[in-house]
Amino acid sequence: MPALFVTGTGTDIGKTYVTCALIRALKARGATVDAFKPVVSGFDPTDAAGSDPARLAAALGDPGGVFRIAPRRYRAPLSPNIAARLEGQTLSLDDMVIDAMARAAEIRDGLLLVEGAGGVMSPLTDTATNLDMIARLGAPVLLVAGSHLGTISHVLTALVALRAAKAQVAGVVMSESLDAPDLVQTAQALTPFLEGTPLFTAPRAEAWDAAGLADHLLATVGKP
Ligand SMILES: Nc1ncnc2c1ncn2[C@@H]1O[C@H](COP(=O)(O)OP(=O)(O)OP(=O)(O)O)[C@@H](O)[C@H]1O
Ligand SMILES: [Mg+2]
């Protein structure tokens with residue numbers, strides 16, 4: 001399936017930032033690329049511009065694509081299952097998996113980037129985490145982490161969980177956190193523990209050039 005699941009070591013860590021950079025870089029290489037957010041919480045329909053689906057839509061060059069990218073949108077800035085329940089709905093993993101597979105099936109010669117909610121084992125529904133969705137999709141995974149003190153433990157515990165679920169980890173991106181130790185030094189300290197999983201660094205910038213990551217992914221999980 002031509003899909004890549006973008007997950008993180010936690011919430012607010014840089015998943016959307018990295019996914020938008022990846023969309024731009026894949027498009028620049030002539031690849032077909034689309035984005036899907038199975039569920040988004042903290043979504044204010046009267047102020048949607050900074051939301052994940054709006055940022056993904058802008059990167060895709062499809063500003064009207066917000067509803068298509070994220071069919072399940074809830075107002076409360078809480079775990080998706082709790083935010084949905086506050087609006088009288090119960091989220092279903094089956095529905096999210098079916099949607100993602102249908103969207104991926106539409107892609108020829110490219111990638112559907114699926115941005116999860118929160119971190120690897122953050123709940124998506126009352127009984128399923130992002131890791132369950134990754135396992136059901138059987139899609140390769142890109143793990144996004146920060147560069148703050150403590151990130152190495154977060155990355156390695158996330159990788160243990162992903163490998164236990166037999167997920168293929170295509171790479172790790174360390175997205176520079178604010179007020180963090182030196183990015184390159186932190187990345188170098190992490191590398192010996194990664195057992196060969198490629199590591200990319202996204203320095204603090206307006207818009208990261210993800211050329212190297214795009215080339216790696218096209219060579220390993222998708223074709224232009
Ligand atoms: N390397 C970076 N350079 C500049 N800004 C960054 C970088 N990484 C993250 N940010 C910024 O940090 C904030 C949080 O990042 P982002 O929204 O991508 O996180 P997320 O993991 O997608 O969060 P969520 O869990 O809400 O989906 C955003 O304002 C984003 O633009
Ligand atoms: Mg996000």
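This is a predicted model: local features need pLDDT of at least 70, side-chain atom pairs count only at pLDDT 80 or more; totals for chains, interfaces and linings use all residues.
Residues are numbered from 1 along each chain as its sequence is written, and ligands are numbered from 1 in the order in which they are written. Local features need pLDDT of at least 70, side-chain atom pairs count only at pLDDT 80 or more, and totals for chains, interfaces and linings use all residues.

Helices (H or I, at least four residues) and strands (E, at least two) are DSSP runs, numbered from the N terminus.

Next I turned to helix H6 (residues 130–137), where I found Asn130, Leu131, Met133, Ile134 and Leu137 buried. These residues lie on the same side of H6 because they cover an arc of only 160° around the axis. Buried means that 20 or more other C-beta atoms, placed from the backbone, lie within 10 Å of the residue's own. The arc is that of the directions from the helix axis to the C-beta atoms.

I noted what the buried residues of H6 pack against: strand E1 (3–8), helix H5 (93–105), strand E4 (141–145) and helix H7 (151–164). Contact here means C-beta atoms, placed from the backbone, within 7 Å. After H6 comes Gly138, with a positive phi near 65°.

Last, I looked at the whole protein, which has nine helices and six strands. Of its 224 residues, 47% count as buried.

Conventions
A residue is buried if 20 or more other C-beta atoms lie within 10 Å of its own, exposed if 12 or fewer, and partly exposed in between; C-beta atoms are placed from the backbone. Two residues are in contact if their C-beta atoms, placed from the backbone, lie within 7 Å.
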